[in-house]
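Visitor: I would like to learn how to read a structure like this one. Please take me through it step by step.

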There are 2 protein chains.
Amino acid sequence: MLSTMQDVPLTVSRILTHGSTVHGKAQVITWTGEAEPHRRTFAEIGRRAAQLAHALRDTLGVAAEERVGTLMWNNSEHMEAYLGIPSMGAVLHTLNLRLPAEQLAWIINHAEDRVVLVNGTLIPLLAPLLPQLPTVAHVVVVGPGDRTPLADAHAQVHDYEELLAGRPEHYDWPEIDEREAAALCYTSGTTGEPKGVLYSHRSLYLHSLQVNTAEAFALGSRDIALPVVPMFHVNAWGLPHAAFMAGASLLMPDRFLQPAPLAEMIETIRPTIGAAVPTIWQGLLAELDAHKRDVACLHTVVIGGSACPPALMRGFQERHGIRVVHAWGMTETSPLGCVSHPPAGVDDEEEWAYRATQGRFPASVEARLIGPAGEELPRDGTAAGELEVRGPWIAGAYYGGAQGALLRPEDKFSPDGWLRTGDVGTITPDGYLTLTDRAKDVIKSGGEWISSVELENHLMAHPGVAEAAVVAVPDEKWGERPLATVVLTDGSAITYEELRAFLGERIARWQLPERWAVIPSVPKTSVGKFDKKVLRRQYADGELDVTLLS
Amino acid sequence: MLSTMQDVPLTVSRILTHGSTVHGKAQVITWTGEAEPHRRTFAEIGRRAAQLAHALRDTLGVAAEERVGTLMWNNSEHMEAYLGIPSMGAVLHTLNLRLPAEQLAWIINHAEDRVVLVNGTLIPLLAPLLPQLPTVAHVVVVGPGDRTPLADAHAQVHDYEELLAGRPEHYDWPEIDEREAAALCYTSGTTGEPKGVLYSHRSLYLHSLQVNTAEAFALGSRDIALPVVPMFHVNAWGLPHAAFMAGASLLMPDRFLQPAPLAEMIETIRPTIGAAVPTIWQGLLAELDAHKRDVACLHTVVIGGSACPPALMRGFQERHGIRVVHAWGMTETSPLGCVSHPPAGVDDEEEWAYRATQGRFPASVEARLIGPAGEELPRDGTAAGELEVRGPWIAGAYYGGAQGALLRPEDKFSPDGWLRTGDVGTITPDGYLTLTDRAKDVIKSGGEWISSVELENHLMAHPGVAEAAVVAVPDEKWGERPLATVVLTDGSAITYEELRAFLGERIARWQLPERWAVIPSVPKTSVGKFDKKVLRRQYADGELDVTLLS
């Protein structure tokens, strides 16, 4: 029996219209590096988003479903694109300006972007790629920057402000099915080709509601949100949409992501909530420790993207009065994910333990842990399995390109449609997730899992070991077994037997590695992570000097 | 282009499963009037909701879409029904125990309830009606109470606990289309027959998310919510679903709605947020003023249902440290509606002015003001029009009964499907709604509206006037004109000319009434409101002694 409720879709245009009318006085404040930041009200953003849509449709010929790329920093023009492009029925494609050039080109070609909006300061990044981008018919330059590198481009070059000037400030936004695509973001693709996640109007809307709940980031109209996390990185974790929905002003750092300008903009504009990856906050903490500033306006700092060192959380809280909230998510999860608010009624020590976890899932994200044999594991805080999630803002496939069907690789989606996160961890009876490993880094030994990260942490705690990397290697009897590779500290004369005995006091006997090798250094990826692919290949090729302990 | 996101419905069973697992330790605490309240964890509620669903399906034969009525106070068994009945695909029909008997019978028959859950203490209300309720095949008695009045009932009588005992504690909840009906609530029907609003799984879910946002009531897992507003009154304003979703514990007052037990349960259980109509809070304020208690745990008190006297808001805040939040909604709006949080950066006096308004709408409720000629009015804080609303948790029709089509009366729904609220008011440029009149109480004079409430308030401010009621009467030239009826204070010798001159200093000349009558008292309804129907009839029948001023 159908209900009697109205059938009104959840769309980005509703967020845009609401924010620009009911919260028309709220502001997007963009840092400029000069004395005065740039300010634009939500009402102005609304009018300019309409002008942008008119320009894209009437002059650039952008039709519904076509992709419009943005190669931009966090600023108010990016906000106009964020809201205006999906509202007109086109698809906002945020481009990661930190990707290698060939990957960026691959992504733009895969998405078949017809238009790219580019900040003037990023022209040097885009211009050399353009000859390889046949679908890009228009480049729209936003803000100052030397345009000469675009002189010979096959694409037409426009100035953003000239394009908008004189257009109608109202657009009759089409009523869009909420399941239609609104925005496109590619995973960074550390393994294989990048994969595109197409967010829907529905998923962005529901995610925004969630961000604004008390159990997440609780954005309200009295807040000023500072998304240091880039708008090309999973929708800046949903903050732009959520803030516009709640009437929270936004402080946009543009390209000023260094500790000193961040500290200055926080002290000057007084945001109440900020979000960034640990490295950014680490830099800011060092800056604040060195040059004391009044930053107590920031009641909440959200840290995600990778696990947050406890010392960082304590440093912010104890030395600067800022509460750090741990969150977990990924491109495929919009990205929330978990948020780690401790439960009521715990003491100080327990509170810190809870805050070190990835946190609890909201109602809209169903989670399960899957063990090595494909069985669902209990939530007992001990059983470790691969995390799988399901929900209205969780990806169920990847974009197959304009001509292709949706992609559902087996290693990414379960047969019943859940997302395989590739993360391994535990969930406590009261719902707190703790991630311990990437699934590709656990060793599947005789139907049980051995955590390489746990072994490495124990080994690196030994004074004779500088670095340790544990990888899975094939084993006839057990399927896989751990290979421990260690870098010794200068002058260390520790033996494998001693190391194994040291480990034996800390982990179960069946988890102890038989295979050991001393290496001069652990191979690293370009961003400094252990490159275990190299170690596995070296082992397979017999390049390592492996000792087998009986 | 469809997105790549998972297609997961928003359902009550998701709220139930989430709350009873991730927040399994949260509690529903029911006041019993005895030393110890009754406590049940969300995990237990989840298990018992499953048992209830098994009992309803297997023993009572309840099929999908069938209506199950609840004639119950706010307590943990009602919570089990709230979550279990919609989750199994049936429709929860909350019955208003304050309705006149014949209206209650009409509603149960219209809904064709097959089962009624009744609190033992409410058997005296239900038993006499049963002979008139042919569809009710089963009565399930919850909690203690004398059952002899049910002895001769045609329906089978069951004990709730016996019905649940031994059933499986897990139910494989069906995956339900989110637009399907989940719950049914009838408007109280002060004019015409009661009208049924069928909430969907989608509307309840989205509404719960909204309740938990910072701009609404910000419920989180550290909160304890006290819904004094009954669960048969528009889903207790959404608090039970929202609390279960957020992991906020619930303090349920059962039948102890008097000021003294309310004060005691607040001091003992320490809820953080409460919701009720003004008369309840008025009684509590008087109680707290007379018998001081520590109630500062309540950081927020939500007042809705009718306009809140400013003295009540100030009394709670200034004498007891409790912030009162004004909210507006109705059965047809789920009920949120507006919530009045003042904007940032206003001074104390402005803050109180904002808090006296009905507040701002959330993104999911679109609003417009419609003037006398059907035109949309500006949001300038001055132009007064009838409020119309649109959104995913706003009714677009009424339930037409099992055999009937949905009802869309013209006076309730606009041709383009918006709900006509029947309320008249203004909206400021920054989005704050102030309601001034019911639409049926405004006088449509020559294409303009005259507020009867405004005229009455001015007249009653005159020392010679005890009461005043202004009603619309037909006028050949203007369509309608105001008739002012006044009750004079003892010994008052004020003339109509003097009263008109008094009004003339306060309102526009064209709004001044020509027709005047002194009456002995204003006719009242059973709940003490001015009964303007009677006055209009008396005027039409020539029963009033009307003087026409030229």
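Visitor: Is A:Arg47 buried, partly exposed or exposed?

Guide: This is a predicted model, where local features need pLDDT of at least 70, side-chain atom pairs count only at pLDDT 80 or more, and totals for chains, interfaces and linings use all residues. Residues are numbered from 1 along each chain as its sequence is written, chains are lettered from A and ligands numbered from 1 in the order in which they are written, and side-chain values use heavy atoms, with hydrogens and water left out. Now the term: buried means under 20% relative accessible area, exposed over 50%, and partly exposed in between (1.4 Å probe, protein chains only). A:Arg47 has 35% relative accessibility, so it counts as partly exposed.

Visitor: Which side chain does A:Arg47 meet in a salt bridge?

Guide: A salt bridge is a side-chain nitrogen of Lys or Arg within 4 Å of a carboxyl oxygen of Asp or Glu. Here A:Arg47 meets A:Glu169, at 3.8 Å from N to O. A:Arg47 lies in helix H2 of chain A and A:Glu169 in a loop, so the pair ties together parts 122 residues apart in sequence. Helices (H or I, at least four residues) and strands (E, at least two) are DSSP runs, numbered from the N terminus.

Visitor: How many salt bridges cross the interface of chain A and chain B?

Guide: The rule finds eight. One of them joins A:Arg202 and B:Glu178 at 2.7 Å. B:Arg179 and A:Asp7 also meet, at 2.8 Å. That pair crosses between chains, from a loop of chain B to the segment before H1 of chain A. B:Arg179 is partly exposed at 24%, while A:Asp7 is exposed at 51%.

Visitor: What is the area buried between chain A and chain B?

Guide: The size of an interface is often given as the accessible area lost when the parts come together. Buried area is the accessible area (1.4 Å probe) that two parts lose on being put together, summed over both. Between chain A and chain B it is about 5,900 Å², and carbon and sulfur atoms give 51% of that. In chain A, A:Met1, A:Thr4 and A:Gln6 lose the most area to chain B.

Visitor: How many residues are in contact?

Guide: Contact means heavy atoms within 4.5 Å. By that rule, 77 residues of chain A are in contact with 77 residues of chain B.

Visitor: Where is B:His201 placed?

Guide: B:His201 belongs to helix H7 of chain B. B:His201 is buried, with a relative accessible area of 1%. Among the residues it touches are B:Leu10, B:Pro86 and B:Glu178.

Terms used. Lists of a residue's contacts leave out its neighbours within four places in sequence.
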